[in-house]
Amino acid sequence: METTTVVVVGAYTGQAYTVYRHETLGCWTYRDVRGYGPGLGYDRDRHATPEGAAKAALFRDILRAAEGDWSGLDRAAYEALAARLDLPVTSDADLELGGRRSYSVRYGEFSSPEYPMAVCAEMALAKRRQKAIEAAAERREAKRTLPAPERLPWGARGVRYDEACAACGTETVIDNDRDVCKRCAGG
Ligand SMILES: [Zn+2]
């Protein structure tokens, strides 16, 4: 049994949260439009007043906005979102592989109520920036390990006899790959 009392709209995502009293537990809490709310096993998620639950819902909204769709963020987008949510930023150097916060951002499980919502949001944002940094590093690595283009000697893949050399226009024995005669190919 519950008494619906107030709907608050998150300032960052624009999502609505319904603040209600949980009669059985005798506390105030909230749920989002899909019906999800905090688990009520922890005291800190059981609020004595509707104001307390509303405040928690709005704080949850910051986390939602930080998580977004979990897509990677370029530096500018990361800093802009952090500024909008009033969250601290981490330098790219600290997020890169081997960086000071690289490991904790990558493997840390930052969830409420074990961690304050602001920390969860900060880490979610850092994870998204790290994701983009790693994707860029992977692209660079893929490029680096790409085999160098083969430089075959003239005629290595056969020659043709019925076309003029693309360079001199006179010789008619030309390389299948380069369309030039042996002299024009420099070999
Ligand atoms: Zn030629």
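Five helices and five strands make up this protein, and the model you are looking at is a predicted one.

**Overall dimensions**
- The radius of gyration is 30 Å, whereas a compact globule of 187 residues would have a value near 16 Å.
- Along the principal axes, the C-alpha atoms occupy a box of roughly 95 × 35 × 25 Å.

**Burial and contacts**
- Of the 187 residues, 20% are buried.

**Domains**
- The domain assignment gives domain 1 as residues 1-61, domain 2 as 68-147 and domain 3 as 155-187.
- Between the C-alpha centres of domain 2 and domain 3 there are 54 Å.

**Helix 2 against helix 5**
- Helix 2 (residues 75-85) packs with helix 5 (residues 117-144) at an angle of about 170°, and their axes are 10 Å apart.
- Because angles over 145 degrees count as roughly antiparallel, helix 2 is roughly antiparallel to helix 5.
- On the helix 2 side, Tyr78, Leu81, Ala82 and Leu85 make the contact; helix 5 contributes Ala121, Leu125, Arg128 and Arg129.
- Sorted by class, this contact of helix 2 with helix 5 holds six nonpolar and two charged residues, with no polar ones.

Key: Residues numbered from 1 in each chain as written. Predicted model: local features only at pLDDT ≥ 70, side-chain atom pairs only at ≥ 80, totals over all residues. Helix = DSSP H or I, 4+ residues; strand = E, 2+ residues; numbered from the N terminus. Rg over C-alpha atoms; globule rule 2.2 N^0.38 Å. Buried ≥ 20, exposed ≤ 12 C-beta atoms within 10 Å, placed from the backbone. Domains from an automatic or database assignment. Axes fitted to C-alpha atoms, helices over the stretch in contact; angles between N-to-C directions. Parallel < 35°, antiparallel > 145°, perpendicular 65-115°, else oblique. Contact = placed C-beta atoms within 7 Å. Nonpolar A, V, L, I, M, F, W, Y, C, P; charged D, E, K, R; others polar.
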